[in-house]
Amino acid sequence: MKTAIVTDSTAYIPKEIREKLNIHMIPLSVIFGKETYREEIDITAEAFYEELKVKGELPTTSQPPTGEFVELFEKLGKEYDSVISIHLSSGISGTYQGAVTAGEMVEGVKVFPFDSEISCIVQGFYALEAAEMAEQGRSAEEILERLNEIKKSIRAYFMVDDLTNLQRGGRLSGAAAFVGSLLQVKPILCFEDKVIVPFEKIRTRKKALNKVFELFDEDASKGVPLRAALIHGNIEEEAKELKAELEKKYPHVEFLLSYFGPVIGTHLGEGAIGLGWYKK
C-alpha cells in the first residue's frame with residue numbers, strides 16, 4: 001500500500017524539503033487587481049512583500065479550484081493507493097472542503113482529507129511527519145492515527161504589529177476585546193476551535209515575544225523531544241537570531257525557520273512573528 005502526502009502552499013515547507021520527502025503541494029493564490037499569483041510558484045514571499053510596498057493596497061486571497069485537486073488526486077492515483085491531503089484550518093479557508101469535495105469525485109484512489117485546524121509551518125509539521133511515515137511504508141490509517149495524536153500536543157502563538165488586515169479580511173474572531181486599544185498593544189494570537197482568536201494583549205513587542213517564549217518553555221523545559229519553528233513576516237535576520245538563542249537554550253529541540261508567505265502574510269502583515277511546536 002503506497003500513500004501519497006499532499007498539502008497546500010500555506011504550509012510554507014521549503015521546496016527542497018518537499019522534493020526530498022515527496023510531499024505534493026497545491027497552491028493558494030493572492031490577487032493584486034487583475035493579476036493572480038500562485039504562491040510558492042508564481043511569487044515568493046520576498047517578492048510579495050516588495051509588491052505590497054509598491055502597490056500600497058491589500059490583495060485578496062483565493063483557495064485552489066476543486067478541479068486542481070481532482071487533477072492532482074487522479075494523477076497520484078496512477079501510482080498510489082491512497083492520498084492524505086493536509087490543509088490549513090477549515091475555519092479560515094475553504095481549501096480543506098475543496099479537498100473533501102475532490103476526494104469524493106475521484107475514483108481508483110482513497111483520499112483522506114485532514115484539517116490541520118491551523119496554518120503555516122505548524123500545518124507543515126503534519127505533512128513532514130506524514131511523509132516520513134509514508135517513506136517507511138506505513139499505512140494511511142497508521143499515519144492518520146499519528147496525525148491525530150500530534151493534534152493533542154501542537155501549540156502555536158504569533159504576534160502581529162497591526163490587526164487591521166486580519167480584521168479587514170474577516171479572519172479574526174473575538175476581536176471586540178481589542179477595539180479601542182489597537183494602537184497601544186502588540187496582540188498575541190492563536191488558533192482556537194479552527195479560527196484565529198486574541199490570546200493576550202501586551203504593551204510592547206519585546207514583552208509579547210517574551211510571553212510567547214514563556215509559553216514555549218512550559219513544554220520545552222520538560223526535556224521531551226520537540227519539533228519547533230520560528231515563523232516570520234519578512235524579518236528573517238531577527239527570526240534567525242531568535243532561533244539561535246532558542247537552540248542554545250533547548251538543545252533537545254529540533255528548530256526550523258519558516259515564514260508567513262503571501263496568503264497568510266496578506267492577513268498578518270509584515271513584521272509578524274510566531275512560534276509553533278509539538279511533541280515528536
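Modeller: F216 and Y250 are both buried, that is, under 20% relative accessible area, with exposed meaning over 50% and partly exposed in between (1.4 Å probe, protein chains only). The model is predicted, so local features need pLDDT of at least 70 and side-chain atom pairs count only at pLDDT 80 or more, whereas totals for chains, interfaces and linings use all residues. Residues are numbered from 1 along each chain as its sequence is written, and side-chain values use heavy atoms, with hydrogens and water left out.

The structure holds 14 aromatic pairs; rings of Phe, Tyr and Trp (its six-membered ring) pair if their centres lie within 6.5 Å, and planes under 30 degrees apart count as stacked, over 60 as edge-to-face and the rest as tilted. One of these pairs is F158 with F191: the ring centres are 6.2 Å apart and the planes stand at 45 degrees, so the pair is tilted. F158 belongs to strand 8 (residues 155-159) and F191 to strand 9 (residues 188-192), so this pair ties together parts that are 33 residues apart in sequence. Helices (H or I, at least four residues) and strands (E, at least two) are DSSP runs, numbered from the N terminus. Both F158 and F191 are buried. For F216 and Y250, the centres are 5.2 Å apart and the planes at 85 degrees, so the arrangement is edge-to-face. F216 is part of helix 8 (residues 205-220), while Y250 sits in the loop between helix 9 and strand 12, so the pair ties together parts that are 34 residues apart in sequence. F216 and Y250 also belong to one aromatic cluster, together with Y157, F199, F255 and W277.

The strands come next. Strand 13 (residues 273-279) is mostly covered, with 6 of its 7 residues buried. Strand 8 pairs with strand 13 in the antiparallel sense over 5 bridges; two strands pair if DSSP finds at least two bridges between them. Within this pairing, A156 has G276 of strand 13 as its bridge partner. Strand 13 is also joined to strand 11 by 7 bridges, and these two strands run antiparallel. There, R227 has Y278 of strand 13 as its bridge partner.

Strand 11 (residues 226-232) pairs with strand 12 as well, in the parallel sense and over 7 bridges.

K243 lies in helix 9 (residues 236-249). This lysine counts as buried, because its relative accessibility is 18%. Setting aside residues up to four places away in sequence, K243 touches L230, F255, L256 and L257, where contact means heavy atoms within 4.5 Å.

The buried residues of helix 2 (residues 45-55) are A45, F48, Y49, E51 and L52. Seen down the helix axis, they fall within an arc of 155 degrees, so they line one face of helix 2; the arc is that of the directions from the helix axis to the C-beta atoms. K53 and V54, on the other side of helix 2, are exposed. G56 follows helix 2 and has a positive phi, near 65 degrees.

Strand 3 and strand 5 run antiparallel and are joined by 3 bridges, and S29 stands opposite S62 in strand 5.
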